Amino acid sequence: MRRLSKDRKQYAVIGLGRFGSAICRTLHELGHEVLGIDHDHEVVNAALESGALSHGLSLDTTDYSALQEAGVLEFDVVIVAIGSYIEASIITTLNLKEGKVPHVISKASTSVHGKLLERVGADLVIFPEDEMGAQLARSLTAPAVLARFDLSPDHSLVEVHVPSPFIGQSLSQLALRSRYNVTLLAIQRGEELIVNPHPDTELAEADALIVVGENQALSQLPQ
């Protein structure tokens, strides 16, 4: 593993269940170096055969010396995707932080699990099931949203279909910031991305708006 390129950010994903495999596959497709790790060598082999990984390794990550010898502690970002085995998740996270890994992102299955991960030093704790549930609820209540990126618990960046009342109006007429308390970053018009559009730009039915603001303000945009 020490021979991996240092020119690009390196990622290691520990735990190759559905969540961990999905992370590996996406990072790999984006051109990043990805090391997938699982205690079950058959799971690692299956992930390698599926093309989800750059490299795979069967390893007991609760063993600090094993992580050190494999070079895992030299990675820029390590994602601990162990959800079911709470003890292994916590010990692995602790080992990584004691090994000075700059960024450790750990998956939690419960709020108590999450608090323990924070206590041992996880830089970011995520709750995939909770986040997916919230995302589904938002998509059901705001069907115009094409994509959403949560910046904080209260602020998001979203891509939305142009609301029907906005069609044919210019940005200056709409005054999105003063009337809706959201900021327009760009307009997606077919294959063209119009960044910082001119105030005289009129919106068309096929346009999509990329806006940022408080979640409450975003939810008040017309459909």
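The sections below describe this predicted model.

## Overall make-up

The secondary structure of the chain comes to 9 helices and 11 strands, and buried residues make up 40% of its 223 residues. Among contacts between residues at least 6 apart in sequence, 53% join residues that are at least 24 apart. The chain exposes about 12500 Å², of which carbon and sulfur atoms supply 53%.

In soluble globular proteins, nonpolar side chains tend to be buried together. The largest nonpolar core here has 18 residues, and those with the most contacts inside it are Phe166, Leu203 and Leu209. Strand 8 (155-161), helix 7 (171-174), helix 8 (176-180), strand 9 (182-189), strand 11 (208-214) and helix 9 (215-219) each supply at least two residues of this core, with the largest share, 3 residues, coming from strand 9.

When residues up to four places away in sequence are not counted, Leu203 touches, among others, Phe166, Leu171, Leu174, Ile187, Arg189 and Leu209. A second, separate core of 17 residues includes Ile14, Ala66, Val80 and Leu96.

## The second largest pocket

The second largest pocket has a volume of about 470 Å³ and is lined by 25 residues, of which Gly15, Ala81, Ile82, Gly83 and Tyr85 lie nearest its centre. The elements that give two or more residues to this lining are helix 1 (18-29), strand 2 (33-38) and helix 4 (86-98), and helix 1 gives the most, with 3 residues. By residue class, the lining of this pocket divides into 10 nonpolar, 10 polar and 5 charged residues.

Note on methods: Residues are numbered from 1 along each chain as its sequence is written. This is a predicted model: local features need pLDDT of at least 70, side-chain atom pairs count only at pLDDT 80 or more; totals for chains, interfaces and linings use all residues. Side-chain values use heavy atoms; hydrogens and water are left out. On a 1 Å grid over the protein atoms alone, a cavity is a set of points where a 1.4 Å probe fits but cannot get out, and a pocket is an open set with protein on both sides within 12 Å along at least five of seven lines; lining residues have an atom within 4 Å of a point. Grid points are joined across faces, edges and corners, and a volume is the space filled by probe spheres set on the points. Helices (H or I, at least four residues) and strands (E, at least two) are DSSP runs, numbered from the N terminus. Ala, Val, Leu, Ile, Met, Phe, Trp, Tyr, Cys and Pro count as nonpolar, Asp, Glu, Lys and Arg as charged, and the others, Gly among them, as polar. Buried means under 20% relative accessible area, exposed over 50%, partly exposed in between (1.4 Å probe, protein chains only). Contact means heavy atoms within 4.5 Å. Accessible areas come from the Shrake-Rupley method with a 1.4 Å probe; for residues, only the protein chains shown count as cover. A nonpolar core is a set of buried Ala, Val, Leu, Ile, Met, Phe, Trp, Tyr and Cys residues joined through side-chain atoms within 4.5 Å.
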